[in-house]
Amino acid sequence: MQAIYICTRTRLLLIKYDEKRSTLHMTKQSLQVLFDAMYHGKHSFDDFMHSSVQEHYEVFLPGKVGKRTIFKPKENLKIYQKFLNLFLFEFLPLNERVVFSYRKGLSAYNAVEKHRSGRYFFQTDISSFFESIDSALVRKTILAGESFTPVSDVHEHINRILELVCVNDSLPIGFPASAPLSNCVLLDFDNEIEGVCESMRLSYSRYADDIIISGKEKEVPSNMPDIVQSILHKSASEKLYLNKGKTKFFQTGGKLKILGMLILPNGKISPDTKKKRELEVLLHFYLTDRTKFNEMVSEIKARSGKKGVGHEDEYPDVLSGNLNYVDSIDPDYTDKLRRKFGVATIDSLMYKELSGKK
């Protein structure tokens with residue numbers, strides 16, 4: 001046996017690796033031992049276990065019909081959920097072959113890339129995804145994946161864990177824990193849909209609530225919505241329903257738009273034309289008229305439903321984030337922007353976002 005020490009921020013988790021059997025044997029610890037090792041008294045485990053969760057978040061009601069209620073966690077709840085992410089939720093199993101949301105180093109681009117050779121497509125999403133993931137499904141997911149985590153007393157604290165991550169019996173949009181949990185709660189669904197698609201020579205990927213199925217040689221069968229819905233109810237929850245308004249079939253014959261990206265006839269993936277146009281207008285105003293630039297950023301923030309526009313000194317961060325987003329999809333387009341707006345301008349903005357500078 002060879003001992004390998006994997007470093008967390010403040011503590012070494014002991015993992016024993018059996019070279020002969022090529023298996024990992026994790027030395028489990030209690031939630032309190034891991035919490036105290038992480039924070040060394042800086043934060044109270046008693047507060048983690050017993051404080052009123054309702055006092056640790058703010059609620060932003062939707063300003064328009066169709067917009068979703070956003071829950072903003074305060075600092076303590078952020079810390080507690082990030083701890084649970086690090087030692088519990090990020091260890092839960094998910095189908096890494098098909099799920100690309102909320103995973104480090106991956107993006108919607110990877111979910112779309114899997115279909116770049118497709119000719120026939122089926123796309124849908126799950127209605128009110130986070131709100132439809134109830135505490136019963138979260139409980140089932142955590143307990144089913146307990147053996148993969150370094151926590152020895154998950155069962156003992158499962159009710160408190162659910163209190164810390166669920167509001168009104170569902171996963172709230174805006175909580176740090178909601179993202180990794182939303183990947184894992186559909187493990188059985190992802191596995192079964194992947195198997196069904198493989199038997200039909202189809203490709204499947206999921207990005208959060210967005211489901212994409214494509215065929216290179218065969219059409220996606222017309223009853224695929226019924227197949228997906230049936231498996232969703234059987235393997236996950238009867239509260240989860242496909243969004244009929246966003247369920248569609250389409251095929252090649254021009255530009256294909258999926259998750260805000262275009263699959264061109266040659267198989268190349270490019271950002272949506274509207275996104276590129278907006279980015280170029282932002283760059284133009286950034287260089288020529290900061291007042292108009294700030295107004296446009298405010299409009300973008302308001303359109304996205306984000307509360308509080310922040311200080312104007314932070315507005316270039318929006319531009320930086322958009323530049324790095326399109327560069328991750330289509331570096332050739334970034335080169336075009338360099339030719340149009342200047343190498344120094346584009347690279348300084350991209351570096352600003354990546355380095356975290358303000």
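Is Asp209 buried or exposed in this structure?

What we have here is a predicted model, in which local features need pLDDT of at least 70 and side-chain atom pairs count only at pLDDT 80 or more, while totals for chains, interfaces and linings use all residues. Residues are numbered from 1 along each chain as its sequence is written, and side-chain values use heavy atoms, with hydrogens and water left out.

To the opening question, then. Asp209 is buried, at a relative accessible area of 13%; buried means under 20% relative accessible area, exposed over 50%, and partly exposed in between, with a 1.4 Å probe and protein chains only. Asp209 sits in the loop between strand E7 (202-207) and strand E8 (210-215). Helices (H or I, at least four residues) and strands (E, at least two) are DSSP runs, numbered from the N terminus. Setting aside residues up to four places away in sequence, Asp209 touches Thr124, Asp125, Ile126 and Phe129, where contact means heavy atoms within 4.5 Å.

Let me now turn to the chain as a whole. It has 15 helices and twelve strands, and 46% of its 358 residues count as buried. Among contacts with a separation of 6 or more, 64% are between residues 24 or more positions apart. The chain exposes about 18800 Å², of which carbon and sulfur atoms supply 50%; accessible areas come from the Shrake-Rupley method with a 1.4 Å probe, and for residues only the protein chains shown count as cover.

Next, the interior. In soluble globular proteins, nonpolar side chains tend to be buried together. A nonpolar core is a set of buried Ala, Val, Leu, Ile, Met, Phe, Trp, Tyr and Cys residues joined through side-chain atoms within 4.5 Å. The largest such core holds 62 residues, and Phe48, Phe83, Phe89, Ile142 and Ile213 touch the most other members. A second, separate core of 20 residues includes Tyr286, Met296, Leu349 and Met350. As for Phe83, its contacts beyond four places in sequence are Leu31, Leu34, Phe35, Met38, Tyr39 and Phe48.

I move to the helices H13 and H14. The axes of H13 (residues 315-329) and H14 (residues 331-341) come within 5 Å and cross at roughly 130 degrees. Axes are lines fitted to C-alpha atoms, for helices over the stretch in contact, and angles run from 0 to 180 degrees between N-to-C directions. The two helices are therefore oblique to each other, since angles under 35 degrees count as roughly parallel, over 145 as roughly antiparallel, 65 to 115 as roughly perpendicular and the rest as oblique. H13 contributes Leu323, Val326, Asp327 and Ile329 to the contact, and H14 contributes Pro331, Tyr333, Thr334 and Leu337.

Which residues does Ile346 touch? Ile346 belongs to helix H15 (residues 343-355) and is buried, with a relative accessible area of 0%. Beyond four places in sequence, Ile346 touches Leu283, Leu323, Thr334, Leu337, Arg338 and Phe341. Ile346 and Leu323 are 23 residues apart in sequence and 7.8 Å apart in space, C-alpha to C-alpha.

Finally, two backbone details. Tyr102 has a positive phi of about 55 degrees although it is not a glycine; this residue lies in the loop between helix H3 (75-87) and helix H4 (108-113) and is partly exposed at 42% relative accessibility. Ser128, also not a glycine, has a positive phi of about 45 degrees. Ser128 is in the loop between strand E6 (120-125) and helix H5 (129-132).
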